[in-house]
Amino acid sequence: MNPPSIRNPSLIQSQKRAKMPGAAMVFAAGLGTRMRPITDACPKPLVRVGGRALMDYTLDALAQAGVERAIVNVHWLADQIEAHVATRIHPQILVSDEREKLLDQGGGIVKALSQLGADPFFICNTDAFWIEGPRSNLQAIADAWDGDKMDVLLLVAATANSVGVDWPGDFTMAPGGKLTQRAEGQVAPFVYSGFGIVKPELFEGDARDVFRLAPIFFDAAARGRLYGVRLDGLWLHVGTPEAIAEAEAAIARSKR
C-alpha cells in the first residue's frame, strides 16, 4: 500500500496550509523620516509604488497566503492608515493604537500580544516587498518553521541582488539555515526582508514599553535559535524618495 503522502496529494497541501501562522504584526506606526518630505503629509505605509500603497503589498501577500488576521499599529498620521485598512476584508484588520506614544517594533508587539494570540506569528514591515519567484515565500517560511529549534525565523534576501539596499547586509547563513549577525566592518550576503516568524514567548512579561526588535534577533542568534529562509524572487526596499523610482523600474522590468 502506498503511504498516505503519495496516495493523497491534497493531504500534503492541507498539512502545509495548516502550518501557516494565523496572525501577523504589521508595523505601520513609524515616522518615515528618511522618506521626507513625502511623509510630511502621507504616512510611509501609504506611499504609492507601482500604483499601490506600500502596505498593500504586505497585506495582499498575507491574504493570499491565508493569514486570518493582521494587527496593524498606527501612530504617525494614524487616521489615514485606519481609513485605508477599513476597506479591507482579508485579512481581518485589528488596529493597535499608538497615537499617544510611539513604541518601536518591540514595544508595539508587547502592546498587541493579546490580539496576536498564543501561537507563533508573522512580523511584517511595510517599507519593502518582493516580486515573487516560482514559489510562495510565505509558504516557504511557514513550511520551514520548527519551534523546537527556532525562536525566530526570518525571510532573508541576497544583499547584492536586492533593490534599494544601501547598507552592507545583515546576516550570514550556515548551510542548515542558522543566521549569524554581520560582523562590524564586513559585508554580509543576506539582508532581513522585513518578514519573519517569532514566538510570543519572547515578549511575554517584558515590562518595557519602548524597545527595538533587532536586539531580540541578535539575542536569538547568540543562543543559536535564529534561522533564515532565502527569499525566492526579487526583494525591493523603498526607504527613501529616490528608491520609489528604482522600485518602479524593477517592477516594469519584471513585466516584460
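Let me begin with a definition: a charge is said to sit over a ring if NZ of Lys or CZ of Arg is within 6 Å of the ring centre and within 35 degrees of the ring normal. By that criterion, the charged end of Arg208 sits over the ring of Phe211, 3.8 Å from its centre, and Arg52 likewise lies over the face of Tyr57, at 4.0 Å from the ring centre.

Before I go on, please keep in mind that this is a predicted model, in which local features need pLDDT of at least 70 and side-chain atom pairs count only at pLDDT 80 or more, while totals for chains, interfaces and linings use all residues. Residues are numbered from 1 along each chain as its sequence is written, and side-chain values use heavy atoms, with hydrogens and water left out.

Let me turn to the aromatic residues. A pair of aromatic rings is described by the distance of the centres and the angle of the planes. Rings of Phe, Tyr and Trp (for Trp, its six-membered ring) pair if their centres lie within 6.5 Å, and planes under 30 degrees apart count as stacked, over 60 as edge-to-face and the rest as tilted. The structure holds six such pairs. In one of them, the ring centres of Tyr192 and Phe217 are 5.3 Å apart and the planes stand at 80°, so this pair is edge-to-face. It links distant parts of the chain, since Tyr192 belongs to strand β11 (residues 190–198) and Phe217 to helix α7 (residues 214–222), 25 residues apart; helices (H or I, at least four residues) and strands (E, at least two) are DSSP runs, numbered from the N terminus.

Tyr192 is buried at 14%, and Phe217 is buried at 5%. Elsewhere, Phe122, Trp130 and Phe195 form one aromatic cluster.

Next, the pocket. On a 1 Å grid over the protein atoms alone, a pocket is an open set of points where a 1.4 Å probe fits, with protein on both sides within 12 Å along at least five of seven lines, and lining residues have an atom within 4 Å of a point. Grid points are joined across faces, edges and corners, and a volume is the space filled by probe spheres set on the points. The largest pocket holds about 1200 Å³ of space. Of the 36 residues that line the largest pocket, Asp104, Gln105, Asn125, Asp127 and His237 are the closest to its centre. Elements that each supply at least two residues of this lining are α5 (104–116), β11, α7 and β13 (233–237).

Most residues other than glycine have a negative phi, and most peptide bonds are trans. Asp104, in helix α5, has a positive phi of about 65° although it is not a glycine, and Asp104 is partly exposed, with a relative accessible area of 35%. Leu77, in the loop between β4 (69–74) and α4, also has a positive phi, near 50°.

Which peptide bonds are cis? One joins Arg36 and Pro37, with omega about 10°, and another runs from His90 to Pro91, with omega near -10°.

Definitions and conventions: Buried means under 20% relative accessible area, exposed over 50%, partly exposed in between (1.4 Å probe, protein chains only).
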